[in-house]
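Grab your viewer and work through these exercises one at a time. Try each task before reading its solution.

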Amino acid sequence: MESHGPRESPGGPWEGSSLPGAWPSSALGQAFSQILHQFAGQESRRGKARNAALEDLAALLEAKECDRLFEGSDASLRGMPEMLGQVVKALEKYAAPAEEPEGRGDRHPEVAEKAAAVALLFLKLLRKVEAAKNSLVCPAWKTSLRPLAGPIYVFAVTHSLEQPWTSQRSQEVAGQVLAVLLQVTDCGSVAGFLHGENEDEKGRFSAIMGFLKPDLNKDSWKNNPATKYVFSWTLQKVTRPWLSQHLERILPPSLLISDDYQTENKILGVHCLHHIVLNVPAADLLQYNRAQVVYHALFSHLHTREHLLIQAVLLCLLDLFPILEKALHWKGDGARPTTHCDEVLQLILTHMEPEHRLLLRRTYARTLPAFVKRLGILTVRHLKRLERVIIGYLEVYDGPEEEARLKILETLKLLLQYAWPRVSCRLVVLLKALLKLICDVARDSSLTPECVKSALLEEATDCLILLDHCSSGRVKDLLAKILHSCEDSQVGSCIRRVQQLSEGAPCDAT
């Protein structure tokens with residue numbers, strides 16, 4: 001093998017430290033100092049130099065002297081935890097994926113190879129910690145583990161998930177690293193590792209967020225493509241009541257990621273914001289106008305045409321509305337003020353009316369019932385536009401699953417229940433639309449499954465029954481004239497059901 005400068009020390013790899021100051025003065029400390037210098041120096045840019053450093057470190061961890069790494073009582077090993085922390089950070093950085101060119105999703109086999117090699121070193125180091133933990137002569141293992149846990153955790157999460165820079169082998173060994181880390185720290189789950197297994201234990205979420213912070217500002221967060229995934233995955237593991245105390249650390253990166261120009265990053269950021277909305281008390285979100293900031297960040301995404309992003313944003317907004325409305329106070333002496341829900345529904349209906357792309361139509365229709373439920377009787381503010389959207393969407397075939405039309409029928413049922421006093425003047429228009437839908441479904445010879453057709457007919461029939469209730473029986477009278485000339489058995493069955501179930505039914509709002 002070709003020789004490498006730092007490895008030529010006559011006394012072996014733990015002679016000749018080049019780093020001054022507070023590092024340990026023992027031979028062991030000198031050896032780790034030299035390895036750290038190999039990663040930090042100019043020569044580390046060459047692949048062979050770094051491979052040599054990895055070999056040196058592997059040999060050092062196998063040496064008998066390393067059995068004393070976590071003996072806190074030895075004065076010559078003072079400062080060793082900090083030294084090991086720096087070495088572990090250097091290894092994590094060495095195995096991290098580099099920034100990839102825009103629009104590239106290629107595999108990175110060289111990163112996976114590095115990760116697999118580093119994972120084996122971390123496993124050796126963690127087993128040393130575990131041995132110290134089980135030994136009565138090494139009481140300081142917890143203190144020694146503290147600077148190691150954060151970088152090792154970030155490494156394990158980076159390489160244990162399926163990503164362009166991972167391979168099956170690197171995922172397996174990184175998963176082992178995470179499992180051993182949890183075992184050494186006596187944690188039954190990642191969530192327990194992050195927020196603490198009990199009330200007395202602080203947890204490591206704050207330390208990990210601190211470790212990630214330099215890579216989560218607007219100038220650096222894209223330098224390592226794994227950082228956003230590690231942040232998001234870690235954030236999702238911490239829930240109530242532990243998350244609120246970290247709000248200042250987690251909200252800015254979530255907003256930053258959601259504000260990117262790439263749709264994938266926007267969706268990831270919105271998912272982070274949604275998790276925060278669900279797991280942070282309303283009082284904390286309302287403080288310093290944080291909830292308004294989140295709302296405006298989400299609202300700006302509603303002008304896009306990416307259906308996955310729209311879906312993520314609408315689901316998040318529906319959970320944010322109750323928080324925002326806590327700050328609204330209606331005194332009862334005038335019209336109720338318009339809410340953020342009104343503003344969003346108005347924009348959604350504006351986009352729904354001319355929309356022709358099926359994926360977007362389904363996405364909008366999927367959340368429309370929740371908006372009607374949220375507003376209740378106040379849906380009458382949007383009744384004209386809702387009527388146009390409902391009629392327009394009932395006319396268009398939506399594919400074998402008919403998701404959009406089923407959701408529109410659900411929306412119409414809710415509208416008839418909440419806004420029934422304003423429905424009678426729209427009786428003819430809605431009745432025509434529902435009858436046309438029933439006839440179209442009954443004559444449909446496409447690949448639509450029979451169960452979907454039955455669901456459409458049942459939902460449309462329920463709407464006719466509610467419409468009859470709202471119009472004091474006028475629908476039943478009009479349908480009686482049609483039944484005599486109806487030749488289709490399915491259509492006739494729906495009409496008879498309306499007549500039977502409408503007998504003596506009162507009209508009221510629910």
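**Exercise 1. Sort the residues that line the largest pocket into nonpolar, polar and charged.**

Solution. The lining divides into 7 nonpolar, 4 polar and 7 charged residues. Here Ala, Val, Leu, Ile, Met, Phe, Trp, Tyr, Cys and Pro count as nonpolar, Asp, Glu, Lys and Arg as charged, and the others, Gly among them, as polar.

Before going on, note that this is a predicted model, where local features need pLDDT of at least 70, side-chain atom pairs count only at pLDDT 80 or more, and totals for chains, interfaces and linings use all residues. Residues are numbered from 1 along each chain as its sequence is written, and side-chain values use heavy atoms, with hydrogens and water left out.

Next, the volume: the largest pocket holds about 560 Å³ of space. (On a 1 Å grid over the protein atoms alone, a pocket is an open set of points where a 1.4 Å probe fits, with protein on both sides within 12 Å along at least five of seven lines; lining residues have an atom within 4 Å of a point. A volume is the space filled by probe spheres set on the points.) Of the 18 lining residues, Lys142, Arg146, Ala149, Gly203 and Arg204 are the closest to the centre. (Helices are DSSP runs of H or I, at least four residues, numbered from the N terminus.)

**Exercise 2. Find the aromatic pairs: how many are there in the whole structure?**

Solution. The search returns 5 pairs. (Rings of Phe, Tyr and Trp, the last by its six-membered ring, pair if their centres lie within 6.5 Å; planes under 30 degrees apart are stacked, over 60 edge-to-face, the rest tilted.)

Step one: tyrosine 153 and phenylalanine 193 have ring centres 5.5 Å apart and planes at 20°, so call this pair stacked. Tyrosine 153 belongs to helix α5 and phenylalanine 193 to helix α7 (residues 190–195), 40 residues apart. Both are buried (under 20% relative accessible area, with a 1.4 Å probe and protein chains only; exposed is over 50%, partly exposed in between).

Step two: tryptophan 165 and tyrosine 229 make a tilted pair, at 6.2 Å centre to centre and 45° between the planes. Tryptophan 165 is in the loop between α5 and α6 (168–184) while tyrosine 229 is in helix α9 (residues 227–237), so the pair ties together parts 64 residues apart in sequence. Tryptophan 165 and tyrosine 229 are buried.

**Exercise 3. Check the cysteines: how many disulfides turn up in the whole structure?**

Solution. The search finds 0 disulfides, taking one as a pair of cysteine sulfur atoms within 2.5 Å. Cysteine 463 is buried at 0% relative accessible area, and cysteine 494 is buried at 8%.

Methods. Helices (H or I, at least four residues) and strands (E, at least two) are DSSP runs, numbered from the N terminus.
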